[in-house]
Amino acid sequence: MRCISAVENILQELKFSFKKVELGEVILFNVLSESQISALKEKLSINGFELLEDKKDKIVESVKTHIIQLVKNTEVVHTEKLSTFLSKEIGYDYSHISCLFTASQGVTIEKFVILQKIEYVKELLSYDELTLSEIADKLNYSSLAALSTQFKIITGTTPSHFKLLTHKGRKSLDNLIP
């Protein structure tokens, strides 16, 4: 929400009329001139964002946005395969989406999902409101052991040990890829 709010503020500051701002997408009422695009790029850059104009970059960002929303929106149960969901939402064949994503990010979509889930587990552990079993259920792990194993592979420590650490070692969501 902070990212969306920051982009909305930039658009308002530049006096650009917009219909909607979502993660990775802005819908404007008017087409921007070259000078307006330049000003927007500059303001976005100052605030740690970038304007995506390349179709491939847009697809990759769309994949990231959909995955983050899937991981965080645990109230909605998704019964279809991730590949089917992404193909339907993005409008391209999954093999095309997967190749673009891996070439751009250096990790597979599946690995990115795991990284997102583990980062969300860290977040939930830091809140200290749910037990590990509740977190495993919330994120649809088959068992607490499956969560713990994956957590240890990615972080090098167990979830229980992670909770004890004073410095949680969390990364921002856009810096998860090595």
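User: Which backbone oxygen lies 3.1 Å from a polar atom of the side chain of Lys117?
Analyst: That is the backbone oxygen of Leu139. The pair is a polar contact, meaning N or O atoms within 3.5 Å; within protein, one must be able to donate a hydrogen and the other to accept it, and residues adjacent in sequence count only if both atoms are side-chain atoms. Please note that this is a predicted model, in which local features need pLDDT of at least 70 and side-chain atom pairs count only at pLDDT 80 or more, while totals for chains, interfaces and linings use all residues. Residues are numbered from 1 along each chain as its sequence is written, and side-chain values use heavy atoms, leaving out hydrogens and water.

User: Where does Lys117 lie, and is Lys117 buried or exposed?
Analyst: Lys117 lies in helix α6, residues 109-127; helices are DSSP runs of H or I with at least four residues, numbered from the N terminus. Lys117 is buried, where buried means under 20% relative accessible area, exposed over 50%, and partly exposed in between, with a 1.4 Å probe and protein chains only.

User: How many salt bridges does the whole structure have?
Analyst: The search finds 7. One of them joins Glu119 to Lys122, with the closest N and O atoms 3.4 Å apart. Glu119 and Lys122 both lie in helix α6, 3 residues apart, about one turn of the helix, and both are buried.

User: What about Glu61 and Lys64: how far apart are N and O there?
Analyst: Their side chains meet in a salt bridge at 3.5 Å, N to O. Glu61 and Lys64 are separated by about one helical turn because they are 3 residues apart in helix α3, residues 55-72. Glu61 is partly exposed at 25%, whereas Lys64 counts as buried at 15% relative accessibility.

User: Changing topic, where does Thr158 lie?
Analyst: Thr158 lies in the loop between α8 (144-155) and α9 (159-164). A polar atom of the Thr158 side chain lies 3.0 Å from the backbone nitrogen of His161.

User: Which residues does Thr158 touch?
Analyst: Not counting residues up to four places away in sequence, Thr158 touches Phe151 and Lys152, contact meaning heavy atoms within 4.5 Å.

How values were computed:
Helix = DSSP H or I, 4+ residues; strand = E, 2+ residues; numbered from the N terminus. Lys, Arg positive; Asp, Glu negative; His and termini not counted. Salt bridge = Lys/Arg side-chain N within 4 Å of Asp/Glu carboxyl O.
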